[in-house]
Amino acid sequence: MNITALTDKAELLSQVKFAEISALSRFSSEKILRAFTNARVSSADFAGTNGYGYGDTGRERIDTVFAEITGSEAALVRHNFINGTHAIATALFGVLRPGDLLLSVTGKPYNTLRDVISGKPGSLSAYNIAYDEISLLPDGEPDYAAIADKAPRATAIFIQRSRGYTFRPALGIDTIAKIVSVAKLANPGVTVLVDNCYGELTEKKEPTEVGADLIMGSLIKNFGGGITDTGGYIAGRADLVSLAADRLTTPGIGGEAGSTGNANRGILIGLYHSGQAVGNALRTAVFAQALFGLMGYGVYPEYSGQHSDIVTLLELGSEEKLLKFCRAVQGASPVDSFLTPEPWDMPGYDCRVVMAAGAFTMGASIELSADAPVIPPYAVWFQGGNIYDTAKYGIVQAAAAIEEL
Ligand SMILES: *Cc1c(COP(=O)(O)O)cnc(C)c1O
């Protein structure tokens, strides 16, 4: 089949999912709009502040809007979080105390969190905060028996919703709800923290609406809508959000101060667009999964499967195809399309990595982007596509490049 016929067939296969995604993004967008109107977002909130940032109505309004969208008691949405890792680490250091035990129930956390947990002079372990983990079962399901067994000794349970750079599936909201109920039955006092990166708005509910105590994530992923310049969020139980705010700033100040400069308007526009942007990223994922599936490659999840994050894992089988894929995605990007991705020894990785990232916001992975460690089985993780038409174009270019169609 030529690329046009394959593309047409993939889009036809995607139609049932596309209808579901349209219903989802309509639901999310209406929920977001309602939060804006309920909070009475005003053009005065765009003004921002300098200095101490007292009385910054935009900062306060954003927290209110975000709390409503995520079904949380409170939220701390700040451009000062430099990324998702910073927001997650702030929550962990805010909530945990010496002698506590943090229990990950989704195996090894995302790469950048490993130094947060141990191995550095400033890691949790240096503050005598212990860590333990329970791997997911081979089929990707949580090990509920082990969770029930270990939860009584844990202060906090840590759940990573998205797949990260692993071969595991993303956890659906139903699965997160079940982990919460198993853990809290075994230990009613346990705190449940969720790394929500890439999972936001992929389902109708956020983890905070099914019993999780805190969620954390980045504003250059789903909730930034491809617009927000920088930042992160923490949302959930008010007492815990307050503890995290004390860690971000200082005890006694918490979330009550901090100038926002020009950040508020961008954060609000990004939030407003995020339902649609996540819908487009899901459409891009489903289309790509259908297309590469037709071409005979291993794709996870399958186009017809459950989508609880915006990431697709694609097994290409050779270094040559990996490079062609990433170079085609880069070439179809609006920014830096003329650059050629090369594998390099990126700090923090134990093999060479190649990346495609032609985004308006540096590192923003709600825009179409791809990362691949250059080792067998030569798998690439790609995500994003806040505009479906151009993201689809990039995916088709990548498919044509690897097959030389
Ligand atoms: C992106 C991501 C993070 C945070 O990464 P940053 O680059 O620090 O924003 C954490 N966990 C998962 C699963 C992620 O995908």
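These legends accompany several close-up views of a predicted model. Residues are numbered from 1 along each chain as its sequence is written, and side-chain values use heavy atoms, with hydrogens and water left out. Local features need pLDDT of at least 70 and side-chain atom pairs count only at pLDDT 80 or more, while totals for chains, interfaces and linings use all residues.

**View A. Helix H3 meets helix H9.** Let's start with H3 (residues 57–69) and H9 (residues 263–294), whose axes come within 10 Å and cross at roughly 20 degrees. Helices (H or I, at least four residues) and strands (E, at least two) are DSSP runs, numbered from the N terminus; axes are lines fitted to C-alpha atoms, for helices over the stretch in contact, and angles run from 0 to 180 degrees between N-to-C directions. H3 and H9 are therefore roughly parallel to each other (angles under 35 degrees).

**View B. The residues between H3 and H9.** Among the H3 residues that meet H9 are Ile 62, Val 65 and Phe 66, and the H9 side includes Leu 268 and Leu 271 (contact means heavy atoms within 4.5 Å).

**View C. A five-stranded open sheet.** The strand order is E8-E9-E12-E11-E10, with antiparallel pairing (two strands pair if DSSP finds at least two bridges between them). E8 (298–300) and E10 (353–357) stand at the edges with a single partner strand each, so one side of each has no neighbour in the sheet.

**View D. Strands E11 and E12.** E11 (residues 369–373) and E12 (residues 379–383) pair over three bridges; here Asp 371 has Trp 381 in E12 as its bridge partner.

**View E. Helix H10 across the sheet.** H10 (residues 319–331) lies across E9, E10, E11 and E12, at about 20 degrees to E10.

Definitions and conventions:
Parallel < 35°, antiparallel > 145°, perpendicular 65-115°, else oblique.
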